[in-house]
Amino acid sequence: MKTILFAVFTVMLVSIGHGQEKNKSVTFEIKGNCGMCKNRIEKAAIKIKGVKFTSWNADTKEFHAIIDERKCSISDIKKRIAEVGHDSEGFTAPDEVYDNLPECCKYRDPASIHMDHGKH
Amino acid sequence: MVRSYTFLLLLFFTFNCFSQLQVTGRVLEYNDKGKTIGLPDVNVYWLSSTIGTTTDLSGNFKIPFNKDYKFLVVSSIGHRSDTIPVNRPSLGNIVLYPNVVLEEVIVEKEFAPLQKSLFKVQNVVAVDGREMLKAACCNLSESFETNPTVDVNISDAILGAKQVQMLGLNSPYLMFTQENMPSIRGASQVFGLSFTPGSWIESIQITKGAGSVLNGFESISGHINSELVKPLADKRFFVNMYANNYERYEFNSRVNHNISDFLGVGFYIHANLRNGHIDRNKDSFLDTPLAKQVNFMNRWQYLNPENGWVSYLNMQYLSDSKEIGQSDFNPDTDKLTSNSWGSEINTSRWDLSAKVGYVFPDLPYQSFGFQTAFSSHDQNSFYGLNLYDINQNAFYSNLIFNSIIGSTQHKFKTGLSLTHDGYKETVNSSSFNRNDNTIGAFFEYTYDNLEGLSFEAGIRADHSNNLGNFVTPRFHLRQSLWDKASFRASFGRGKRGTNIFSENQQLFASSRQIVINGTGGNYYGLRPEKAWNYGVSFIQKLYLWNRVLDFSIDFYRTSFEDQIIVDWENPREIAFYNLDGKSRSNSLQIDLNYEILQDFHLRTTYKYFDVIADYNSGRLTKPLQPSYRFFVNLGYETQKKYERQWRFDITSNWLGKQRLPNTSSNPEAYQLPTHSEGYVLVNTQITRVFSNKFELYIGGENIGNFTQKEPILSSNNPFGPYFDSTILYGPVLGNTYYAGFRYKI
């Protein structure tokens, strides 16, 4: 019993300790349109080692993340997001990836923003 | 001559048809009185073109057909534009709605009042306040009547307390929480559901199967959480009155005040009175209790998104009294005498609770919360010649820390809890005192691979003076299968001590002898109950003819390692003993919900139960448990016209036959068949919304007027050996009609 309690406490303390480590908050622009884009962008970024939290706003195009700078950098994130189809300053998505995005996500065409994004 | 004219006319017509086909229609809107009037100067044009026209003074338009375009756009400033597929030359009446009205419609359309999630890890049914308006819904026990996940049954023919069941198990195996703090338990088990007024409830979340480790180790079949209305979000003022044809009256009122943007205070009051001496079945016993209740709550809410602090403070006081028994019973002269059988149950209760939460402003995934509650419950009662008093003082506290491991794909919750329950009971001349003290720690890990697989693995370790040291694991998993389909599985363990008297209070309304065959445990000589619960479920949502259809099926099994068997099989006694052998409950539920026509919703559910246990007299199915239940609910809401609306709702329940406890040793007059008949119950309600502030409702319960023939055995000799009101399988009260109103600003 005591060992179990001890284990739980240790895990708690370790986690709190973890939370106090370098938590760098970063914000930059990522191109995209809709809820489907949001899903794709956040999913790609969160899987990078060192990225703890991601959030992309479809209205402002602002991407916010909390990262451990010792494990990854902003360019790691931009690079990975470009690989799944989304441009940002300095990083352009490969055409073959971009061309495979669903029609409503093709943000390079200004008209695409007016498409029906309701169901995504 | 005539011929050539006809020819010309024909030529003219054909020419008109082929080259100048006109599409016609009329654009309308609703005026203040809800009548349609023509809308002039509306732009009507082909989608993605510049070809268009405007409507005339009475709203009519005519536009040349063009085969290159398929859709007409109808737009007018201040109204929501409409796009209409053109598949016939006359489009008839097209109604445009003002922008504002439409926004409201959208909001209400997005979420059904009863939600089953595709994405939550646990199998949760979320019920919001609108769903609760569909039932007479005077208190929590009545708010499940349009909800097939939970079964509502009545404790016995005299107390008339409504109880809920899930997965074929009685309510003590369910965990009830109010805003995630344990609520209906211990002394309030039987009547507690009637201590939460329906109009105070904002939403209910029903979790089937093993719950989470956060709220404790007691839940076995599921977890029902009710969220109350929040002062900062609630209407400023609300009043509701209700009356039915059995002289039942209810009054509810809420007043909220926002002291600042961050601080709100609410005062909620509920009072009810049941004044009707009703004995329609002429068995000399009241069909429904005489009752009075006053319930008052004061709550404070602090919510500051800027600094991350959230806090609640609640104070609640309740006073409830019931008088039941023979209709000629006079408590002043007949109390505890055999002049006439009667009973009084007087309860007073205090609840104090507080919650503090903090979200780290820089780390949105990290937070901590602290909850604490104190309650004092005092029940003084007598049932005929039986005396029963119970007093419970309960303390609860729980500290929770939320964060992540590496990234938000790996979340965890961990914390500590400390609880105390002090019970003092008097059963006739014996008294039972018990203190339960528990300290525990928990850890719950949630993983989401973002590709459709997520799971929640929790474990808690507790130390209790009466339950010993033990570990409670709980596990839930969800996997997306294909488009809009999810599979879920769960397992978990629960453990609890039983308050045999307060949970089975109906036993006092019988001549049964109480027998406790203890084996040295800490609960009246009985050992605690332990059970595992396993479940799987599947849900598919799809669009059928452009409307959402959802289908779900789930199967749960609860198997008891140890259980306190409540044995009603000898009609002379009620025996409590620990399980020796097997006890398990299987439950299957199939749901199919569909919007048949616009705003016309159908809900159907079939449930099958197979609940068995080894009694001293052998293996038997659980008594008073319907073998199946078939549920149909139809709801229709008219379109809102200037805030006005009609809402119709009808619910029907078919209940299968139930096994009745063995009465074969009774004299023939007091013997019951082995099984009850199946029966059907129908409830309905009509609501008229006059404005966003005011609505009226009328309804009927049990309108088929089904009642159990002889709900009380030996009702003519309540002090004799065969008196028994506990074998109740159907309603005592026949059709009930009610009316009420709600006013809110």
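**A closer look at strands and loops**

A: Taken over C-alpha atoms, the centres of domain 1 and domain 2 of chain B are 57 Å apart. Domain 1 covers 2–97 and domain 2 covers 227–744, with bounds that come from an automatic or database domain assignment. Please keep in mind that this is a predicted model, where local features need pLDDT of at least 70, side-chain atom pairs count only at pLDDT 80 or more, and totals for chains, interfaces and linings use all residues. Residues are numbered from 1 along each chain as its sequence is written, while chains are lettered from A and ligands numbered from 1 in the order in which they are written.

Let's look closely at strand β16 (residues 222–228) of chain B. Strands (E, at least two residues) and helices (H or I, at least four residues) are DSSP runs, numbered from the N terminus. In β16(B), 6 of the 7 residues are buried, so this strand is largely enclosed by the rest of the structure. Buried means 20 or more other C-beta atoms within 10 Å of the residue's own, exposed means 12 or fewer, and partly exposed lies in between, with C-beta atoms placed from the backbone.

Which strands pair with β16(B)? Strand β13 (residues 174–178) of chain B pairs with β16(B) in the parallel sense over 5 bridges, and B:L174 has B:G222 as its bridge partner. Strand β15 (residues 201–208) of chain B pairs with β16(B) in the antiparallel sense over 7 bridges; here B:I206 is partnered by B:I224. Pairing requires that DSSP finds at least two bridges between two strands.

B:Y642 sits in the loop between β38 (628–637) and β39 (645–655) of chain B, and its phi is near 45 degrees, a positive value in a residue other than glycine. Most residues other than glycine have a negative phi. B:Y642 counts as partly exposed because it has 13 C-beta neighbours inside 10 Å.

B:N702 lies in the loop between β41 (694–701) and β42 (736–744) of chain B. Its phi, near 50 degrees, is again positive in a residue other than glycine. With 19 other C-beta atoms within 10 Å, B:N702 is partly exposed.
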